[in-house]
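Thanks, everyone. Let me put the model on the screen, and then we'll walk through the helices.

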Amino acid sequence: MKASEIRDLTTPEIEARLVEDQQLLQKMYFNHAISEIESPAKIRNMKRVIARMRTILTEREAAAAKENQNQ
């Protein structure tokens, strides 16, 4: 998922998606520990998507804090 696609989502949608993806990543780690998964790159990609979502949520929180500070 690209950053532009994530930015199109609302904050609650991003938070829900973040929880789902974190659970999926945990399952991927578990499956990889038991047996080889077909593509270890999927783990790396999932970590990057999670990082993008966290970054966008942080940006939104900072923007809201700055807006509240200016008022």
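This is a predicted model: local features need pLDDT of at least 70, side-chain atom pairs count only at pLDDT 80 or more; totals for chains, interfaces and linings use all residues.

Start with H2. H2 has 24 residues. From its first C-alpha to its last, H2 reaches 35 Å.

Which residues of H2 are buried? They are Ile14, Leu18, Asp21, Leu25 and Met28. These buried residues pack against H1 and H3.

Now H3. H3 has 30 residues, and at 1.5 Å a residue they should span 44 Å. The end C-alpha atoms of H3 are 44 Å apart, which agrees. Its buried set is Ile43, Met46, Val49, Ile50, Met53, Ile56 and Leu57. The buried residues of H3 pack against helix H1, residues 3-7, and against H2.

Next, the pairing of these two helices. H2 covers residues 11-34 and H3 covers residues 41-70. They pack at an angle of about 155°. Their axes are 10 Å apart. Parallel or antiparallel? Angles over 145 degrees count as roughly antiparallel, and H2 and H3 are therefore roughly antiparallel to each other. The crossing of H2 past H3 is left-handed.

Who makes the contact? On the H2 side, the list is Thr11, Ile14, Glu15, Arg17, Leu18, Asp21, Gln22, Leu24, Leu25, Met28, Tyr29 and His32. On the H3 side, the residues include Lys42, Ile43, Met46, Lys47, Val49 and Ile50. Met53, Arg54, Ile56, Leu57 and Arg60 of H3 also take part. By class, the contact of H2 with H3 has 13 nonpolar, 3 polar and 7 charged residues.

Let me pick out one of the charged ones. Asp21 sits in helix H2. Is Asp21 buried or exposed? Its relative accessible area is 6%. The cut-off for buried is under 20%, so Asp21 is buried. What does Asp21 touch, apart from neighbours within four places in sequence? The answer is Met46, Val49, Ile50 and Met53.

Take Met46 from that list. Met46 belongs to helix H3. Met46 is buried too, with a relative accessible area of 15%. How far is Met46 from Asp21, C-alpha to C-alpha? In sequence they are 25 residues apart; in space, 7.3 Å. Leaving aside neighbours within four places in sequence, Met46 is in contact with Asp21, Leu24, Leu25 and Met28.

Now another residue of H3. Arg52 is placed in that helix. Arg52 has a relative accessible area of 33%, so Arg52 is partly exposed. Setting aside neighbours within four places in sequence, its contacts are Met1, Ala3 and Ile6. Further along the chain, Ala64 is 12 residues away from Arg52. The C-alpha atoms of Arg52 and Ala64 are separated by 18 Å.

Compare that with Lys2. Lys2 lies in the segment before H1. Lys2 counts as exposed, at 59% relative accessibility. Along the chain, Lys2 and Arg52 are 50 residues apart. Yet their C-alpha atoms are separated by 8.2 Å.

To recap: H2 and H3 are roughly antiparallel, and they cross left-handed. Asp21 is buried and contacts Met46, among others. Arg52 is partly exposed and contacts Met1, Ala3 and Ile6. That's my part. Over to you.

Note on methods: Residues are numbered from 1 along each chain as its sequence is written. Side-chain values use heavy atoms; hydrogens and water are left out. Axes are lines fitted to C-alpha atoms, for helices over the stretch in contact, and angles run from 0 to 180 degrees between N-to-C directions. Helices (H or I, at least four residues) and strands (E, at least two) are DSSP runs, numbered from the N terminus. Angles under 35 degrees count as roughly parallel, over 145 as roughly antiparallel, 65 to 115 as roughly perpendicular and the rest as oblique. A crossing is left-handed if the near helix is turned anticlockwise from the far one by less than a right angle, and right-handed if clockwise. Contact means heavy atoms within 4.5 Å. Ala, Val, Leu, Ile, Met, Phe, Trp, Tyr, Cys and Pro count as nonpolar, Asp, Glu, Lys and Arg as charged, and the others, Gly among them, as polar. The expected span of a helix is 1.5 Å times one less than its number of residues. Buried means under 20% relative accessible area, exposed over 50%, partly exposed in between (1.4 Å probe, protein chains only).
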